[in-house]
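I kept this notebook open while going through the model, and I jotted down each thing I looked up. Come along and follow the entries in order.

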Amino acid sequence: MGTSLEAENEALKRRISELEAELANRSNHTEAASQQSHPPPPNIANEREVTLSLEEYKRYGRQMILPEIGIEGQMSLKRSRVLIVGAGGLGCPAAAYLAGAGVGTLGIIDHDTVENSNLHRQIIHSTSRVGVPKVVSAITYLRDLNPHPNYVPHVEPLTTENALQIMAGYDLVLDCTDHPAIRYLINDVAVIMNIPIVSASALRTDGQLVVLNNPPSVGPCYRCIWPRPPPAESVVGCGEGGILGPVVGLMGVMQAIEAIKIITKNPVQEVGRTTMTLFAAYGASPFRCLKMRGRKAGCIACGSPERMEEKITRESIEDGRMDYVAFCGGRAGVRVLEGGERISVTEYKKVVDSGVEHLLLDVRDKTQFGICQLEGSLNVPYSEFESSKYEDSEAEAIKSKFEDQPKDRPVYVICRLGNDSQIVTRQLKQAGVFPGDRVFDIKGGIAEWARSGVAGEFPEY
Amino acid sequence: MAENNPTPTGTFKILYFAYASSHTKKSEEFLPAPMQLSELFGTLDKKYPRMKDKVLGSCMVTVNLEYVDMNTDEEMELKAGDEVGIIPPVSSG
């Protein structure tokens with residue numbers, strides 16, 4: 001009996017040393033594999049020593065058993081340092097999947113606080129964290145999801161002053177932002193630092209996804225594809241244009257996939273051609289995959305422009321010579337009217353209470369008008385005034401919309417935020433639709449009407 | 001988007017995305033083929049006043065799902081049955 005136990009003990013000891021040898025062998029192999037790993041992305045510091053705890057083997061097992069990941073891929077994830085710029089509709093799902101996958105260092109930068117209108121899409125924030133900085137809220141969620149990664153909070157906007165310094169700490173950046181100016185900034189800094197960018201965007205029911213500067217100095221950058229920014233007036237945010245939660249969520253999830261693919265790239269895998277994915281939720285073919293070209297030789301960010309002084313460099317960003325907001329045409333509020341042509345919501349309330357006959361013209365689109373409207377208002381959407389600019393006679397086109405309206409009453413124009421209504425007020429006056437020039441813009445629009453509480457409870461959306 | 005319409009003979013299909021679609025008020029249409037790529041923006045600008053200035057200047061263009069360079073691919077001809085995409089940068093998220 002004693003001998004058989006001793007024999008079993010010996011056998012077990014042998015098995016343990018065999019396994020230990022195998023494990024040592026495997027980690028040597030891992031180091032070797034990661035040392036020769038493909039240069040792109042070059043900043044992924046292969047020398048960073050990492051090990052997985054037993055808990056992590058179990059946690060990541062379901063993805064580790066995929067040949068695309070394996071133990072080498074898992075180690076690469078743990079060594080990687082990923083920066084997510086923007087903790088909104090794209091950044092939330094991207095951060096959750098990357099934290100869950102075991103990225104070693106996850107930095108998140110955002111200067112905003114959580115609002116309740118974010119929650120239909122920004123799924124890692126919560127009702128109880130409304131008012132909390134988004135970065136803090138995000139990390140609260142992520143720590144609970146996976147305590148292993150090193151989470152780095154950056155509660156500030158990304159600017160020309162801090163971008164070079166912040167991005168120096170990362171190997172990969174996810175562009176989850178909401179304005180062209182910051183997209184160009186991220187691009188230029190990433191190109192200078194040889195960091196690939198996983199870029200996505202979404203508006204209404206559509207999305208775009210593209211991996212840029214990958215591998216650095218081979219793949220195209222944002223400026224190769226879109227050298228000129230969109231005209232400022234065409235830049236619509238989710239607050240104005242609307243966004244379907246799962247559409248932006250899908251784009252963020254796809255960013256996480258691309259990030260994992262870049263980080264875990266096996267040295268023997270070919271670097272694929274850059275593609276752009278367009279998603280249209282209501283399209284007959286919702287996904288379109290576009291073949292892109294490599295970087296443009298004359299690109300001012302990643303190429304050699306004909307006029308070398310145009311080349312964007314570390315110095316041109318640091319010296320503040322790059323004015324990204326001006327490049328994108330700014331985004332100042334519309335101010336086309338004089339003080340006397342505008343009245344406040346309180347003044348308009350007095351007009352209503354006094355019982356003076358007037359016309360309230362609401363220029364929001366039909367969908368928004370359907371959500372809530374002020375009593376007795378006439379809805380003629382702003383887009384109709386826009387189209388009238390292309391008619392033979394703008395004035396006649398506008399006049400025809402008010403044929404059956406009495407012309408001797410004052411007119412008050414309202415929209416959602418008080419920008420479109422100013423433009424329409426100007427158009428109505430120029431077209432001379434209402435004699436006597438008694439056309440007034442209501443400052444701050446429906447949003448201000450609701451916020452001020454001037455007429456009691458009114459929905460704010 | 002009714003993308004299932006077959007392309008009528010002698011035309012190519014053009015798809016408008018994001019604010020290109022807001023400007024033209026349609027997501028796709030058919031234009032007469034053949035057409036030189038270099039004539040495309042001019043043709044669209046005539047059809048949709050100020051489109052070059054307000055939309056096309058900032059757009060990427062694809063032909064049959066491949067990126068084309070409006071400067072270096074000028075010689076290219078858009079043929080019957082081709083699919084052209086006008087793709088503005090979308091920046092929100």
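Which residues is A:C415 in contact with, leaving aside its neighbours within four places in sequence? I found A:V363, A:R364, A:Y382, A:D420, A:S421 and A:G445. For contact I used C-beta atoms, placed from the backbone, that lie within 7 Å.

**Ground rules.** This is a predicted model, so I noted that local features need pLDDT of at least 70, that side-chain atom pairs count only at pLDDT 80 or more, and that totals for chains, interfaces and linings use all residues. Residues are numbered from 1 along each chain as its sequence is written, while chains are lettered from A and ligands numbered from 1 in the order in which they are written.

**The annotated cysteines.** I looked up A:C415 because an unreviewed UniProt entry annotates A:C238 and A:C415 as "active site"; such annotations may be inferred rather than shown by experiment, and the positions follow the numbering used here, with feature names shortened. I placed A:C415 in the loop between β12 (411-414) and α17 (420-431) of chain A. A:C415 is buried, as 26 other C-beta atoms lie within 10 Å. My scale calls a residue buried at 20 or more other C-beta atoms within 10 Å of its own, exposed at 12 or fewer, and partly exposed in between.

A:C238 sits in helix α9 of chain A. Helices here are DSSP runs of H or I with at least four residues, strands are runs of E with at least two, and both are numbered from the N terminus. A:C238 is buried too, with 20 other C-beta atoms within 10 Å.

**Where the chains meet.** I then turned to the interface, where 42 residues of chain A are in contact with 22 residues of chain B. On chain A, the elements that each supply at least two residues to that side are α7 (180-192), β5 (197-203), β6 (206-212), α9 (238-241), β7 (275-280) and β8 (287-291).

The assignment, from an automatic or database source, gives domain 1 (80-319) and domain 2 (342-452). The largest nonpolar core has 103 residues, and A:V82, A:I84, A:A95, A:L98, A:V173 and A:A259 touch the most other members. Helix α10 (residues 245-263) of chain A gives the most to this core, with 10 residues. Apart from it I found another core of 21 residues, among them A:V345, A:V411, A:C415 and A:V424. By core I mean buried Ala, Val, Leu, Ile, Met, Phe, Trp, Tyr and Cys residues joined through C-beta atoms within 7 Å.

**A residue on the outside.** A:R314 lies in helix α11 (residues 314-318) of chain A. Is A:R314 buried or exposed? A:R314 counts as exposed, with 12 C-beta neighbours inside 10 Å. Beyond four places in sequence, A:R314 touches A:L164 and A:I192.

**Chain B.** I counted 3 helices and 7 strands in chain B, in the order β-α-β-β-α-α-β-β-β-β. The radius of gyration of chain B is 13 Å, close to the 12 Å of the globule rule for 93 residues, so chain B is as compact as a globular protein of that length. That radius is taken over C-alpha atoms, and the rule is 2.2 Å times the number of residues to the power 0.38. I also noted that 33% of the 93 residues of chain B count as buried.

How values were computed:
Two residues are in contact if their C-beta atoms, placed from the backbone, lie within 7 Å.
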